[in-house]
Amino acid sequence: MRILKAKKMIINIGIMTKEIAMECGYDYVQNFKRLFKKKFWVSPEQLRNE
């Protein structure tokens, strides 16, 4: 559920990845990015730039 919330925030809100990770309950941004890429096959930055 947290990772889906993060995806929506990346698409709809222009805030930094670090802030999104913290808002969704991830203490470490690298862990968040790794999990995000594993789940959606793209990094948060790549999704934002599409």
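## Aromatic cluster

Tyr 26, Phe 32, Phe 36 and Phe 40 are joined into a cluster by ring pairs; rings of Phe, Tyr and Trp (its six-membered ring) pair if their centres lie within 6.5 Å, and planes under 30 degrees apart count as stacked, over 60 as edge-to-face and the rest as tilted. The model is predicted: local features need pLDDT of at least 70, side-chain atom pairs count only at pLDDT 80 or more, and totals for chains, interfaces and linings use all residues. Residues are numbered from 1 along each chain as its sequence is written, and side-chain values use heavy atoms, with hydrogens and water left out.

The structure holds three aromatic pairs. One of them is formed by Phe 32 and Phe 36, which are tilted, at 5.8 Å centre to centre and 50° between the planes. These two residues are four apart in helix 3 and are therefore separated by about one helical turn; helices (H or I, at least four residues) and strands (E, at least two) are DSSP runs, numbered from the N terminus. Phe 32 and Phe 36 are buried, where buried means under 20% relative accessible area, exposed over 50% and partly exposed in between (1.4 Å probe, protein chains only). The rings of Phe 36 and Phe 40 are also a tilted pair, with centres 4.8 Å apart and planes at 55°. Phe 36 and Phe 40 are again four residues apart in helix 3, about one turn of the helix, and both are buried.

## Tyr 26 and its surroundings

Tyr 26 is located in the loop between helix 2 and helix 3. Its relative accessible area is 11%, so Tyr 26 is buried. Not counting residues up to four places away in sequence, Tyr 26 touches Arg 2, Ile 3, Ala 21, Phe 32 and Leu 35; contact means heavy atoms within 4.5 Å.

Arg 2 lies over the face of the Tyr 26 ring, at 4.2 Å from the ring centre. For a charge to sit over a ring, NZ of Lys or CZ of Arg must be within 6 Å of the ring centre and within 35 degrees of the ring normal. Between Tyr 26 and Gly 14 there are 18 Å in space, C-alpha to C-alpha, and the two are twelve residues apart in sequence.

## Packing of helix 1 and helix 3

Helix 1 (residues 2–12) packs with helix 3 (residues 29–40) at an angle of about 90°, and the axes are 11 Å apart. Axes are lines fitted to C-alpha atoms, for helices over the stretch in contact, and angles run from 0 to 180 degrees between N-to-C directions. Helix 1 and helix 3 are therefore roughly perpendicular to each other; angles under 35 degrees count as roughly parallel, over 145 as roughly antiparallel, 65 to 115 as roughly perpendicular and the rest as oblique.

On the side of helix 1 the contact is made by Ile 3, Leu 4, Ala 6, Lys 7 and Ile 10, and on the side of helix 3 by Phe 32, Leu 35, Phe 36, Lys 39 and Phe 40. The residues of this contact divide into eight nonpolar, no polar and two charged. In this division Ala, Val, Leu, Ile, Met, Phe, Trp, Tyr, Cys and Pro count as nonpolar, Asp, Glu, Lys and Arg as charged, and the others, Gly among them, as polar.

## Loop between helix 3 and helix 4

Ser 43 belongs to the loop between helix 3 and helix 4 (44–49). With a relative accessible area of 15%, Ser 43 is buried. Ser 43 touches Phe 36 and Lys 37, not counting residues up to four places away in sequence.

Trp 41 is found in the loop between helix 3 and helix 4, and has a positive phi of about 70° although it is not a glycine. At 74% relative accessibility, Trp 41 counts as exposed.

Lys 37 is part of helix 3 and is partly exposed, with a relative accessible area of 44%. Not counting residues up to four places away in sequence, Lys 37 touches Val 42 and Ser 43. Lys 37 and Lys 5 are 32 residues apart in sequence, and 15 Å separate them in space, C-alpha to C-alpha.

Arg 34 is found in helix 3 and counts as exposed at 53% relative accessibility. Lys 18 is in helix 2 (residues 17–23) and is partly exposed, with a relative accessible area of 49%. Lys 18 and Leu 35 are 17 residues apart in sequence and 14 Å apart in space, C-alpha to C-alpha.
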